[in-house]
Amino acid sequence: MNSNALIMIVLIFLVAVLSVGSFLLTKKRRRSGILSTTRRYNIRPTSKKTLSLTEMYPYLIGYAANKLATEGKDRETLYTEAGDLKPDIEKGISEKRLEIENFLSTNQDDFEKRLLDGGFINASGKLAPENLDPAAYELYSFFKT
C-alpha cells in the first residue's frame, strides 16, 4: 500500500472521529440546556435561606408580567413551531414588565404591607423561599385589581 494512501485513510478516520465526537458533545450540551438560545423568564432563584425582598423583585415582576401577558392564550398563540416564544408575546411581556415596575414605583409601600399582612415576608422584609411563588402571585393579583 502506498504511504500517501495510508496517510489519507488515517486523516479521513480522524476527521470522522472528531465529527462524531463534536456532534455528540453538542447534542449533550443542547439537551442539558447549555446551548439553549431561548430566553428564560422567571428563572427561579434556589436558596434555603430567607431572601431580601428587593433582590426578589425582578422575579416577582417577571412572574406577574408573564402571567398577565400570556393568560387566556393557547399554546399555538404563544410559541413558534421551534418552541420559542413568539416575538409579539416577548414584546407583550416586556411591556407588562415596564407597567408593573411603574406601578410598583408608586405602590411599593402598599404592596409590601400587603405581603407583610399576608405572612409572605417577615418583619425585616425577608422572604422565605417557599413563599416566593405565592408572593409573586400576590403581586399579579395586586396589579390586576
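**Terms and model**

Buried denotes under 20% relative accessible area, exposed over 50%, and partly exposed the range in between (1.4 Å probe, protein chains only). This is a predicted model, in which local features need pLDDT of at least 70 and side-chain atom pairs count only at pLDDT 80 or more, while totals for chains, interfaces and linings use all residues. Residues are numbered from 1 along each chain as its sequence is written, and side-chain values use heavy atoms, leaving out hydrogens and water.

**Salt bridges**

The whole structure contains four salt bridges, each defined as a side-chain nitrogen of Lys or Arg within 4 Å of a carboxyl oxygen of Asp or Glu. One of them joins E71 to K144, with the closest N and O atoms 3.2 Å apart. This pair links distant parts of the chain, 73 residues apart: E71 lies in the loop between helix 2 and helix 3 (75–78), and K144 in helix 5 (residues 132–144). Helices here are DSSP runs (H or I, at least four residues), numbered from the N terminus. K144 is partly exposed at a relative accessible area of 48%, and E71 is also partly exposed, at 35%.

R114 and E138 form another salt bridge (2.5 Å, N to O). The pair connects helix 4, which holds R114, with helix 5, which holds E138, across 24 residues. R114 has a relative accessible area of 28% and is therefore partly exposed, whereas E138, at 16%, counts as buried.

Within helix 4, D117 bridges to K113 at 2.9 Å between the closest N and O atoms; the two residues are four apart, about one turn of the helix. D117 is exposed, at 57%.
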